[in-house]
Every structure is written in C-alpha cells, then in structure tokens.
Amino acid sequence: MRTDTAPTPTLLSDYTPPSHELTSVYLDFNLEPEATTVRSKLEVKRLRDEPLVLNGENIMLKSVTLDGKKLKRSQYKLDQETLTLPKTPESFTLEIETVCNPSANSTLMGLYVSGGRFCTQCEAEGFRRITYFPDRPDVMSVFTVRIEAEIETYPYLLANGNKIKEGGAGNGRHFAVWNDPFRKPAYLFALVAGQFDVLEDSFTTMSGRHIPLEIFVDPGNAPQAEYAMDALKRSMKWDEEAFGREYDLDRFMIVAVRDFNFGAMENKGLNIFNSALLLADAESATDMNFERIESVVAHEYFHNWSGNRVTCRDWFQLCLKEGFTVFRDQEFSADQRGAAVQRIKDVRALRARQFAEDAGPLAHPVRPDSYLKIDNFYTATIYEKGAELIRMLKTILGPKVFRAGSDLYFEKCDGTAATVEQFLACFQEVSGIDLAQFMIWYQQAGTPKVKVLREAEPNGDTRLHFIQSTAPTPGQDKKHPLIIPIRWQIVGDDGPLSEPQITPLQSSGTSVTYPKIDVPHSISVLQDFSAPIVLETDFSTEDLLRLMGADPNPFNRWEAGQTLARQLMATMAKAIESGEMPAADTALKGYCVALQKTFDNPEFDNAFKALALTPPTAMEVLQTLNEIDPIAVQEAGKWLSRAVADHMRDSLVERYHALSDTGQFSPDAASAGRRALRNRCLALLAARHDPLAANLAQNQLSDATNMTDELAALITLTRLGGQRVETTMEDFYTKWEKNPLVLDKWFSVQAMRPHAGGVQSIIRLAETPRYERNNPNRVRALVGGFAMGNADLFHKIDGSGYEFFTDQVLDMDSRNPQIAARLLGAFEIWRKLDKRRQAMIAAELDRIIASKPSKNVLEIAQKTRGV
C-alpha cells in the first residue's frame with residue numbers, strides 16, 4: 001500500500017498489554033484460489049474497558065456477528081488496516097466472515113498460492129491478510145481449524161497441531177479439522193493444501209512417546225528430503241540431551257514450497273520451508289546446501305520451545321526467540337561438524353553481514369526501540385548478534401549455570417509471551433550475578449572496539465590494558481561501557497605458556513598483569529571470539545605469525561592469519577587506488593610461509609585448512625577503510641590469493657590430486673571438508689591463472705558426480721574467462737533446466753561472473769523468460785548475487801550497476817515489498833566508498849524515496865540515506 005502521508009513509527013515505549021483476551025479461536029476455510037472464504041469464531045474476554053481493534057489488510061469483509069446478532073455497519077468502524085468494535089460485552093462470541101484472493105497475493109504473506117498449492121506465511125504480520133484479528137504476538141489462544149477444499153486438486157489439508165477429524169464434504173470436496181492444544185499467537189498459524197509426495201519416519205522421545213514425522217514435497221522429490229529427515233531426527237535427539245526439551249505434539253510435519261520469502265517458518269507442528277533449504281541430493285545440492293539444511297531444520301525445530309512454547313511479548317523482543325534459537329542451532333552444528341570450523345564460519349558470517357550493519361546507517365540495537373515495518377528487522381543484528389549475546393552469557397556464567405538458567409526460563413515462561421528482561425532474570429536468579437549491565441548489549445547499537453596494549457613493568461612483568469569504546473550510531477550518540485568477557489592466553493614459539501583465562505571488561509578500561517617470561521611470546525586474545533567486538537592491538541607481524549604457527553586455540557590460529565591478511569589487503573587496496581605499488585613486504589612472505597605450514601600440518605582437518613586458505617571478504621576489509629574504491633579492495637583480495645598460490649603452487653597441485661575421491665558421495669563433515677580443501681586448491685591455482693587450472697577445472701566439470709565439485713569447476717572456469725565460458729554456461733543450463741534449485745545456482749554464477757557485455761549482460765538476464773521475477777529465490781540469486789558478489793559491475797564507475805539495481809528494487813517493490821527492502825540493504829556501505837560512488841548511490845536512494853515506495857522500502861531508503 002502506498003501513501004502520501006509519512007508513516008508513523010511503532011515505539012517500544014508505547015507498548016500496552018492487549019485490551020481483550022481470546023480464550024479460543026475457531027477458523028473455517030473454504031479454499032478457492034481466487035475467492036477463499038474464512039469464517040472465524042472468537043471467544044473473547046474483555047480485560048479493559050477499551051475498543052476491540054482487529055487488524056486486517058487486503059481482505060473483503062462480509063459480515064460481523066456478536067453473540068449471534070449480525071452487526072450493522074454503524075456498529076463498527078472499518079478502514080484499510082483495522083476493524084474496530086467501540087463497545088464490547090465483558091465476555092462474548094465474535095464471528096467474522098471474510099473473503100481473500102490467494103492467487104493474486106504476490107507478497108507471499110498471509111494465504112497465497114504457490115505451484116497450485118495453498119500456503120501461508122504469517123510472521124510477522126501476515127495473519128491479518130487472512131481474517132480480522134488482534135494480530136500481535138502477546139495475544140495467544142488455542143486454535144481449532146477446519147479446512148475444506150476440492151479433494152482431487154488438494155488431497156492433503158494440513159494445519160497446526162493434531163488432526164481430530166476428516167471426511168467428505170460432498171460435491172467432490174473433503175475436509176479436515178485440526179486442533180493445536182497449545183496456546184499460540186496468530187503469527188504461528190499455518191495452513192497448507194495441495195498434492196504432495198510424503199516422506200515418512202518416526203522418532204521416539206526420551207519419555208518413550210512415538211512421534212510420526214512427515215515431510216511433504218512436490219511429487220517425485222521425496223528422496224531429496226531424506227537428508228532433512230535425518231537432520232530432524234538428530235535435532236530432536238540433540239535438543240533432549242543439550243537442553244532437556246522434548247517434543248510435545250502427536251506428530252511433526254514439514255512442507256517444502258518453492259515461493260517463500262524466508263528460509264523457513266517454525267509454525268507449531270507444521271514447519272513450512274523454502275524448498276532450497278529442504279531438498280538435497282548429491283547431484284543437485286552442494287555441501288553448503290547440506291550444511292544449511294541441517295542448520296535450518298534444527299533451527300526451526302528448536303523454535304518449538306524457544307519461540308513457540310515461549311514466544312515474544314512484542315516484536316521488539318524478536319531477538320528473544322531468534323537470537324536464542326540461532327545460538328542453539330550453532331551449538332548443534334558445532335557438535336555435528338566440529339567446534340572450531342563451525343565457530344570460524346559463524347564469525348565470518350557475522351563480520352560480513354552484521355558488522356557492516358552495525359557500522360552503517362541501518363545500525364540498530366539487538367532489541368530495537370522503534371520501527372516502521374517490523375519485516376525490516378529480520379536482520380543479522382537480531383539473529384547473529386543476538387546469538388553472540390547468548391554465547392557471551394554462557395561464557396560469563398559457565399555451562400552448568402547457563403543450562404540451569406535456560407531450564408528455569410522454559411519452566412517459568414512456558415505458555416507465555418516473554419521479554420528480554422524476563423529471560424535475563426532467570427539467569428540472574430540461578431547465578432546470583434547482577435545482569436543489569438549485560439542488558440545494555442540489547443539496548444545499544446554498534447560494534448564495540450577493544451584496544452589491547454602491552455606495558456612492560458620495571459620488574460619485568462607485563463601489564464595488559466583492555467580499553468573499550470563504541471562509536472556513535474544513528475540515534476545513539478552517547479554510548480555506555482558494556483561487560484565484555486575477554487578470553488586470553490600467553491603463547492610462545494612452541495605453544496602455550498599459560499592456561500586460558502577470562503578477564504571481564506566492565507568499565508571503560510581494565511588491566512591485568514602476568515609475570516616475567518624470558519622467552520619470546522605473544523598474547524592470544526579473544527579466544528573463540530568470546531565477544532562480538534573489533535579488536536585493535538599493538539601486535540606486530542611477528543606476533544601474528546607466532547600465533548598462526550603455535551596458538552593452541554584453533555579459532556585464534558585462524559584469526560591471526562585473517563588479521564594479517566586484512567592488513568595486507570588494506571595496504572594493497574590503497575596502493576591500487578593510488579597507482580603506487582608498495583615495496584616487497586616481508587609480512588606477505590611470512591604469511592605465505594605460515595599458511596604453508598598449516599597446509600602441511602596433519603593435526604588440522606581439511607575443512608580448517610580450506611578456511612585458513614580463504615582470505616577475508618572484501619566487506620571485512622572495507623570496514624577498516626574510509627572513502628575507498630571498492631573494486632580496489634576486491635582486486636587486493638585477488639592479489640593476496642595470487643601471492644599465496646604462487647608460493648604454494650606445487651603443493652596445491654599435489655594436494656588437489658591427492659584429495660580426489662571416486663567413492664560414493666557422503667555429506668558428512670569429513671567428506672565435505674575434503675571437497676572444500678580440494679576445491680580451494682583449484683580456486684587458488686585459478687587465482688594465479690595457472691595454465692593447469694583450466695584443464696583441471698574442465699576435467700572436474702566433466703567428471704563430477706556431485707554438485708559441489710561441478711559448481712566449483714563451473715565457477716573456476718567463469719573466473720578464468722576465455723571463449724568457452726558462454727558455451728559452458730549454456731551447457732550447464734541445458735543439463736539442469738528442469739531443476740529450479742540448480743537454475744538458481746546458475747543465475748547466481750551468471751550474476752557474479754565477469755561479462756564482456758558489462759551491466760548490459762545482467763540486464764538481458766533479467767529480461768529473459770528464464771528469469772522468474774516473482775520468485776524470491778530467483779531474485780536473490782540474480783539481483784542479490786549481482787549486488788553482493790560482482791564488485792566490478794555493481795560498482796562500475798559510470799553508475800550503470802547502481803541504476804540497474806535500483807530499477808530491480810523498485811520493480812520488486814510493486815509485488816513483494818519485503819524482498820525489495822532486503823535487497824536494498826546492499827547500499828548500506830555507501831558512505832565507506834569513494835566520493836564519486838557515494839554521490840551516485842545517494843542519487844539512487846533519492847530516486848527510490850521520490851517514487852513513493854512501500855513502507856518497507858521507504859524505511860530502509862530513508863535510514864540509509866540519512867533523512
């Protein structure tokens with residue numbers, strides 16, 4: 001909906017409890033693609049003498065009945081967003097009949113049609129597109145749902161909870177009735193109807209209950225859901241063991257749909273998944289796909305307690321369910337795939353997405369205090385930084401006390417809509433530790449910077465100084481000291497010289513002293529990334545190289561290499577921009593030698609080595625610089641990879657061949673690590689444009705028996721360029737043209753690769769019939785891939801990349817404002833760029849604002865622009 005008036009923000013400070021309670025909800029759906037009738041019956045109890053305000057959007061009101069009497073139009077108020085009953089009895093029954101058009105619902109919020117099937121997405125405010133309802137998370141009720149539809153087209157009728165009745169409805173139609181015995185808010189409502197294949201299995205809980213498990217997929221896709229089913233069963237077992245959480249309903253269902261705004265949705269007992277995060281087999285899915293499926297299946301299942309049984313009081317508390325659940329899925333993945341490797345992957349993602357968010361115009365606290373559209377706050381800050389806060393809490397309290405706190409939280413808050421304060425109060429109660437200062441992490445935006453300085457004492461001891469600061473962020477000029485747990489250890493040339501210890505930094509600065517050490521040594525600081533901060537140290541290249549070779553903490557060994565790599569890339573980026581190449585750097589040689597030692601060290605697994613050989617992202621380096629040419633940063637990354645490849649060339653070739661495997665594909669961690677290192681070797685050889693790389697990649701593409709190797713070879717060939725690239729891309733398309741998930745990968749590769757035709761080539765891709773402009777996955781692949789993965793064209797100095805991107809955002813906004821707003825986040829780094837590019841992006845943001853976009857896009861555009 002477009003409006004000429006300025007949207008009014010929702011404020012945390014304005015929160016008031018609901019005026020009415022719903023003791024039960026009955027919904028009756030008569031499903032028709034273009035005119036679905038919804039009859040709701042609400043048992044209502046008035047809590048305060050105030051009007052009953054129900055939310056509703058893009059639905060047609062047919063009738064309102066109160067205690068059996070149909071209301072006249074004069075007895076209620078109706079506008080574009082609400083239905084209001086000015087006066088209500090103390091207790092009453094309210095019946096509402098509405099009609100909606102699911103087939104025309106391109107927003108994919110509420111009830112819509114995807115691939116001929118009915119589907120819902122109600123978080124955060126989608127239920128109001130189904131029927132008039134107090135659509136807020138603190139209004140919880142028991143739902144009973146009757147669904148009726150044509151039996152031939154929609155043989156499966158699914159909703160939350162347990163099926164209590166089904167049968168024929170006459171005229172080729174049938175019905176099913178579902179009851180969810182657990183109170184829930186409307187955002188957790190789910191309905192699915194259509195034709196599916198079903199993968200069935202079961203799980204026996206720790207109390208001996210037998211739970212049928214069902215995954216509903218497109219006909220013919222059931223084998224591709226087997227890995228997801230395995231991940232689900234492992235998740236259920238892990239949650240019992242790690243958090244004591246047992247599943248509560250009589251069955252658990254998952255449905256895969258192609259058109260979905262999110263990755264997945266944790267609707268009680270009926271999870272709905274984007275098919276890209278559920279379907280996988282060796283031929284069509286990469287190891288990254290398998291890992292993501294494992295993680296997301298776990299995440300949505302874990303929500304059954306951290307999100308469903310205990311939900312959030314209001315949307316400002318979104319981090320309460322998302323941050324906690326991301327932490328839980330990260331811990332699960334660490335147990336499944338290795339703690340050090342998983343921690344590295346999590347921190348890489350945090351730095352690439354959340355640190356950039358915290359440093360830009362879209363910075364906001366983990367618990368925001370205002371919003372125009374809550375859809376815009378499903379961010380890395382809420383999810384990833386929110387998870388880091390939970391991890392810090394566990395570090396501060398210790399594992400046993402943390403578990404006791406989480407047990408108390410689930411016990412005390414079960415069946416309620418809770419707040420961050422209630423969550424922390426449980427941990428404070430079991431620990432006896434005052435967590436008032438910890439609460440500031442939830443209220444304060446920005447990434448803290450901690451300086452670490454060493455000072456020699458006259459007696460030979462060394463004093464370590466830890467000093468914290470947080471730069472101003474939009475709307476928050478004044479910052480307060482945070483409690484920051486810093487895990488550190490002394491490391492010599494041959495390994496540790498002390499035990500790890502944790503120093504809590506609670507004021508602007510603190511110091512700690514360690515006794516004289518007569519051998520060369522360095523300090524391993526922030527081990528395992530014990531807090532989400534930027535570390536600034538006085539460490540020399542010698543210190544970093546020592547830590548790369550001897551730090552007993554695998555994460556920090558990797559981190560020392562990344563720190564040195566960021567420094568090298570930053571120096572080179574500035575040199576490329578100025579046109580003055582720096583002199584030969586001894587740090588670069590030391591870095592390459594240290595990587596070679598890691599590469600040859602049998603103590604490290606292949607997955608760790610692949611990560612060690614991967615340079616920091618351009619986004620990470622960009623955050624350390626100001627007014628820089630982004631293409632220069634990208635080129636600096638290529639330069640560093642080339643230097644490493646030149647130094648390790650023979651070892652890379654040898655290891656590439658040694659890691660080949662003709663055995664049966666397995667997605668397990670060890671096998672995935674082997675493929676990751678092998679393909680990293682290939683990528684490095686390609687970085688130096690080694691003549692051998694093209695032959696290796698071409699042979700790998702031809703011989704690949706799995707998508708991980710096939711896609712890695714394809715990407716390598718596109719980066720090497722040459723006359724065969726276009727033919728190779730077309731051959732890949734022809735091979736996979738009937739598999740939409742693989743075609744998403746094809747569009748992503750196309751979006752991120754060099755093109756002789758420049759931005760015009762990307763424009764042609766967006767205009768081809770192959771491009772599904774209404775499908776979020778396809779849009780993310782092409783438009784998102786272009787903005788985030790093709791610096792040369794997106795940041796092209798003539799501004800054509802920015803213009804194309806803006807055109808796509810505005811086009812998407814006309815159909816799906818949520819996806820458009822998320823795409824627009826690519827502009828958040830604009831003030832880090834050189835002045836010329838800043839001016840061009842500012843002009844595009846002004847164009848978006850002037851177009852009178854949706855609230856979603858307007859909020860992001862205005863905040864990014866700073867108006």
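**View 1. Helix H9 against helix H11.** Thr541, Leu545 and Met548 in H9 meet Ala587, Gly590, Tyr591, Ala594, Leu595 and Thr598 in H11. Contact means heavy atoms within 4.5 Å. The residues of this contact divide into 6 nonpolar, 3 polar and no charged. Ala, Val, Leu, Ile, Met, Phe, Trp, Tyr, Cys and Pro count as nonpolar; Asp, Glu, Lys and Arg count as charged; the others, Gly among them, count as polar. This is a predicted model: local features need pLDDT of at least 70, side-chain atom pairs count only at pLDDT 80 or more, and totals for chains, interfaces and linings use all residues. Residues are numbered from 1 along each chain as its sequence is written, and side-chain values use heavy atoms, with hydrogens and water left out. H9 spans residues 541-550 and H11 residues 586-600; their axes come within 10 Å and cross at roughly 5°. H9 and H11 are therefore roughly parallel to each other, a label for angles under 35 degrees. Axes are lines fitted to C-alpha atoms, for helices over the stretch in contact, and angles run from 0 to 180 degrees between N-to-C directions. Helices (H or I, at least four residues) and strands (E, at least two) are DSSP runs, numbered from the N terminus.

**View 2. The largest cavity.** The whole structure has 4 cavities of 30 Å³ or more. A cavity is a set of points on a 1 Å grid over the protein atoms alone where a 1.4 Å probe fits but cannot get out; lining residues have an atom within 4 Å of a point. The largest cavity holds about 90 Å³ of space. Its lining includes Met548, Arg557, Trp558, Tyr591, Leu595 and Phe608. H10 (554-578), H11 and H12 (606-612) each give two or more residues to this lining. H10 gives the most, with 4 residues. The lining divides into 6 nonpolar, 3 polar and 1 charged.

**View 3. An aromatic pair, Phe133 and Phe143.** The structure holds 51 aromatic pairs, counted for rings of Phe, Tyr and Trp (its six-membered ring) with centres within 6.5 Å. Phe133 is in the loop between strands S11 (117-121) and S12 (141-150), and Phe143 is in S12, so the pair ties together parts 10 residues apart in sequence.

View 4. Most residues other than glycine have a negative phi, and most peptide bonds are trans. The Glu123 to Ala124 peptide bond is cis, with omega near 5°. Ala124 sits in the loop between S11 and S12. Leu526 has a positive phi, near 65°.

Conventions
Parallel < 35°, antiparallel > 145°, perpendicular 65-115°, else oblique. 1 Å grid on protein atoms, 1.4 Å probe; cavity = no way out; pocket = protein on both sides within 12 Å on 5 of 7 lines; lining within 4 Å. Points joined across faces, edges and corners; volume = space filled by probe spheres on them. Phe/Tyr/Trp six-rings, centres within 6.5 Å; stacked < 30°, edge-to-face > 60°.
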